[in-house]
2 protein chains.
Amino acid sequence: MKLLDIYAKLKKDIHYIEKELERSIDVDHPMLREASLHLLKAGGKRIRPVFVLLGAKFGTYDLERVKHVAVPLELIHMASLVHDDVIDDADTRRGQLTVRSKWDNRIAMYTGDYIFAKALSIVTRLPDPSIHQIMSKALVQMSIGEMEQIRFFFNSGQTIRDYLLRIKRKTALLLAISCQLGAIAVGAPAEVSRRLYSFGYNAGMAFQIRDDLLDICGTEKEIGKPPGSDIKQGNITIPVLFALQNPHLRPRLLSELSFIQAADGQTDVIAFIDIIRRSEGIARAEELASKYIDKAIAALEPLPDIQAKKDLISIARFIGNRSY
Amino acid sequence: MKLLDIYAKLKKDIHYIEKELERSIDVDHPMLREASLHLLKAGGKRIRPVFVLLGAKFGTYDLERVKHVAVPLELIHMASLVHDDVIDDADTRRGQLTVRSKWDNRIAMYTGDYIFAKALSIVTRLPDPSIHQIMSKALVQMSIGEMEQIRFFFNSGQTIRDYLLRIKRKTALLLAISCQLGAIAVGAPAEVSRRLYSFGYNAGMAFQIRDDLLDICGTEKEIGKPPGSDIKQGNITIPVLFALQNPHLRPRLLSELSFIQAADGQTDVIAFIDIIRRSEGIARAEELASKYIDKAIAALEPLPDIQAKKDLISIARFIGNRSY
């Protein structure tokens, strides 16, 4: 099953959210509107709004309420991408020029600030302070996660736990609260929103591990940029951490890492990537991703067998099988 | 009367807010904590928390409620300063190294993001969605204001209205909602919080005009940096706009502006500053600031004659008389 097939059932509502996203950044400032629209049009899987919509199916579904959560969550994701691109000096994303490369770093920083602020002002239209609390707390964790990433650049002494906490903050948390807030926005019982949170968290962890695997095992065509961009930046991901645990590979990997770091990432990383590809790091990371997918699906088990539940399970399976 | 004399009566409460500010950024991340503390310790007039406290005196004053507004408003101000420093390539602020110069631009960007998020997560502890709405809307306007500033760099065709709208977003709005939210947080009547908003808005406009005058008329010792840093950045302020209206000065000023712009601000601006200093732009800007101060004081007129009212008036007069 393809992601698009799952989305097909939600097509009308996703289309509506897409229009609302456009409306949300319709600001009376040419550069800001252009930069924000550029970002929006670059697309993406819109997985956060989809999780919100599916989460809301477990309560009294009401798109007019739910949009006040779905739109901000996608906006927060977008804003964090613009700021990431500034940090990473990224010139393209999904094959499109980034805001920082099309305009400049200042515009990118303020476009991100604007979109963050806009997201929060939309969610406050729902008069439920607990929703505001959950969202702002997640933002705090996300920003700590970004700093953690910088702190651990090229740090080969980091633990698996450091990595997992980092991807929780960077990716899993926002997906977890997407499912959760969809349910809360329509008054679903606390136990339901708790289970949806757990689904989103575990699916999110698997998603990021799969993404990190893709950067090592994918072809340039599949990932839209040459493989190894993580390690060029200094971002040590889980297949690498697993490979470093192998005493036969470790010395060679550490020496390659020092070389890449000394070159500030401006070097060929084929040799490094090749060692990881041949190592057990790949299979072990795949196995970990599968465990997270199993946990995500298990979290939904006691929930009513509605179509949304089947769709969430299909998305989880899709994440678990992302090819590279 | 000095600002410190006014603050003296609030000393205990300001001290408490200061401690809460420190607690608020006590994050378990060494670099983030250090950068945030560095920023906090750099000080500042804490005028936003003071406005919150004084605004709250018009209702049933409760420091435990009020701190959930006073701390976030100062944090938002701090976060916007860190992002400003990234944009301005500023190495020092108030005689201290900036976060971006002590660490780097990425740390500064994420420190700002973290402090913004933290501010919002603190204010959501008050279960009053209207407070969340007011704050997030102000954030949207502030971020548009920052972009406006960039858009109008070296733009001599801008109007007085462009300038006023920009300083409203950049400065006056946050001061306005400081007074307003102090009152709302303790349940003061709507008419009271509306008048306090008006006070803060008008005092804020005067404050920024005075600040812009200081950058032209102050000595390096008074302003902690050489005069003319606004124009070096391309920031055309109101004394300049008034001077540009004088047909005898305009050609010379435009030619100086082109020269400064061509040099990307990396040039001596003494000649430019000198023309402005001798122009009627100074007196006209002073007069405008005085009008805003009068309006600020008039807004308070119907409010009960409590000590807080006297203190706000003293602060407004202090702003109106800021020496340079």
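**View 1. The surroundings of S279(A).** The backbone nitrogen of G281(A) lies 3.0 Å from a polar atom of the S279(A) side chain. That side chain of S279(A) also reaches the backbone oxygen of I276(A), at 2.8 Å. S279(A) sits in the loop that joins α15 (270–278) to α16 (281–300) in chain A; helices here are DSSP runs of H or I with at least four residues, numbered from the N terminus. S279(A) counts as buried because its relative accessibility is 9%, where buried means under 20% relative accessible area, exposed over 50%, and partly exposed in between (1.4 Å probe, protein chains only). Leaving out residues up to four places away in sequence, S279(A) touches A243(A) and L249(A); contact means heavy atoms within 4.5 Å.

**Note on the model.** This is a predicted model, in which local features need pLDDT of at least 70 and side-chain atom pairs count only at pLDDT 80 or more, while totals for chains, interfaces and linings use all residues. Residues are numbered from 1 along each chain as its sequence is written, chains are lettered from A and ligands numbered from 1 in the order in which they are written, and side-chain values use heavy atoms, with hydrogens and water left out.

**View 2. Helix α4 of chain B.** Helix α4(B), residues 47–56, is mostly covered, with 10 of its 10 residues buried. Among them are I47(B), R48(B), P49(B) and F51(B). The buried residues of α4(B) pack against α1 (3–8), α2 (11–24), α5, α9 (160–185), α10 (190–217) and α17 (307–320) of chain B.

**View 3. The side of chain B that touches chain A.** Contact between the chains involves 39 residues of chain B and 39 residues of chain A. Chain B and chain A bury about 3,600 Å² between them, 76% of it on carbon and sulfur atoms; buried area is the accessible area (1.4 Å probe) that two parts lose on being put together, summed over both. R106(B), Y110(B) and M147(B) supply 20% of the area that chain B buries against chain A, more than any other three residues. Helices α3 (30–41), α5 (63–88), α7 (105–123) and α8 (129–151) of chain B each supply at least two residues of this side. The largest share, 14 residues, comes from α8(B).

Conventions
Polar contact = N/O pair within 3.5 Å; in protein donor to acceptor, adjacent residues only side chain to side chain.
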